[in-house]
Amino acid sequence: MTPFFKIDSRIENASEKALEMCREQFAVIDEITEYNQLKVQKAFIDNGISETHFVSSTGYGYGDRGRETLDKVWAQVFCAEDALVRHNFVCGTHTLATALFGVLRPGDKMVAVTGTPYDTIHGVIGIKGKGMGSLKDYGIEYSEVPLKNDRPDLDGIKDAIKTGATMAYIQRSRGYELRPSLTVEDIEEIVKAVRSVSPDTIIMVDNCYGEFVEKREPLEVGADIIAGSLIKNAGGGIARTGGYIAGRKDLIEKCSYRLTTPGLGKEVGATLGMNRELYMGLFYAPHTVGEALKSAVYISALFSVFGYDVTPKYDEKRADIVQSLGLENEESLVAFCQGVQSGSPIDSYLLPEPWDMPGYDSKVVMAAGAFTLGSSIELSADAPIREPYYAWIQGGLNFHSAKICAKLAAQQMLDKGLLKDGV
């Protein structure tokens with residue numbers, strides 16, 4: 001029985017069964033985690049990181065060794081020519097927008113080759129909203145290639161790209177979709193398809209939720225530029241804010257001009273004492289991602305024991321840290337999120353309710369008892385209130401805390417007479 005928390009014996013029995021189911025997958029995760037940890041550690045050693053790199057700069061931030069060397073460490077880890085890692089990227093969407101506006105010019109054409117991107121990027125592209133300064137407002141053409149049977153349509157991608165695409169845009173994670181997230185191997189196939197018809201097309205990958213899940217990253221299979229958030233995988237649960245862009249040196253330079261100003265680029269930007277946690281976050285990231293992956297696998301196994309639809313399944317290969325649960329109705333969806341919140345270290349006393357969250361086209365319920373507001377590497381569970389009523393779970397700073405949250409979610413559903421009994 002779990003000490004400190006009151007959990008029904010049926011849930012405890014299901015948990016024991018789920019842990020046994022997860023054993024083999026946990027071993028796979030441990031092996032990948034160790035590989036990525038050594039990769040990061042070697043980059044720190046090769047770049048001679050010391051306490052002097054944590055010194056704060058103010059004002060213009062000229063000559064900030066910590067900032068400049070952090071870019072080099074990041075570039076080595078992700079096999080990039082250069083990188084732009086900054087605390088003043090306010091979120092993942094801002095980071096992606098900086099990359100898009102940095103690289104694309106009026107008259108260029110962007111093709112989303114993995115279907116419609118997730119909701120928060122719609123305003124950036126111009127899929128919705130007018131006069132906000134979107135890519136569309138600046139004369140950048142947009143089109144997309146729908147998925148075919150939930151997989152990238154390679155022939156469709158070739159047809160769309162060969163008409164003259166400046167950029168092929170790949171979303172690695174599923175967002176609020178049930179299609180499988182893309183493995184690095186999947187991305188490699190897309191890269192080959194694009195290159196076969198247009199060698200000069202820039203290939204950009206939204207890498208959010210995917211960092212350190214596999215041994216390889218998208219740049220290693222031919223992508224030109226990747227971007228992501230530091231309050232997801234790559235910040236290790238330590239970075240309180242920020243984002244990164246990595247890839248070809250010429251593209252990173254253009255992005256830096258968008259982040260600051262043309263002519264100054266990467267040469268300015270006070271770090272204000274943030275360097276230490278950005279370095280430390282990267283160092284912890286492989287291990288933290290491993291814990292998040294174990295949490296996702298366990299949740300998948302536990303709720304499959306109860307009889308719910310889960311994707312990915314507990315024994316499937318993982319491409320990101322996201323786990324989806326088909327909870328079948330609004331009441332179960334809300335109860336699940338409320339149970340997760342009740343076990344969170346922060347704001348456990350709050351009761352999540354559906355609300356009109358900015359950037360989304362339907363009400364969203366969200367459990368997010370995190371040390372960093374909005375952190376997706378810490379355990380969170382959220383869902384749009386719409387059919388087919390799936391919850392999206394991601395993160396877990398450590399597996400054991402995530403495990404009790406999953407049990408409490410099941411307990412909350414059981415207490416309300418909503419939990420299916422497939423044990």
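Trainee: How many nonpolar, polar and charged residues are in the lining of the largest pocket?
Mentor: A pocket is an open set of points on a 1 Å grid over the protein atoms alone, where a 1.4 Å probe fits, with protein on both sides within 12 Å along at least five of seven lines; lining residues have an atom within 4 Å of a point. Here the lining has 18 nonpolar, 13 polar and five charged residues. This is a predicted model, where local features need pLDDT of at least 70, side-chain atom pairs count only at pLDDT 80 or more, and totals for chains, interfaces and linings use all residues. Residues are numbered from 1 along each chain as its sequence is written, and side-chain values use heavy atoms, leaving out hydrogens and water.

Trainee: What volume does the largest pocket have, and which residues are the closest to its centre?
Mentor: Volume is the space filled by probe spheres set on the points, joined across faces, edges and corners. For the largest pocket that's about 950 Å³. Of its 36 lining residues, Met357, Tyr360, Met366, Gly374 and Ser376 are the closest to the centre.

Trainee: And the second largest pocket: which residues are the closest to its centre?
Mentor: That pocket holds about 320 Å³. Asp71, Asp82, Lys249, Lys266 and Glu267 are the closest to its centre, out of 15 lining residues. By class, the lining splits into three nonpolar, two polar and ten charged.

Terms used. Nonpolar A, V, L, I, M, F, W, Y, C, P; charged D, E, K, R; others polar.
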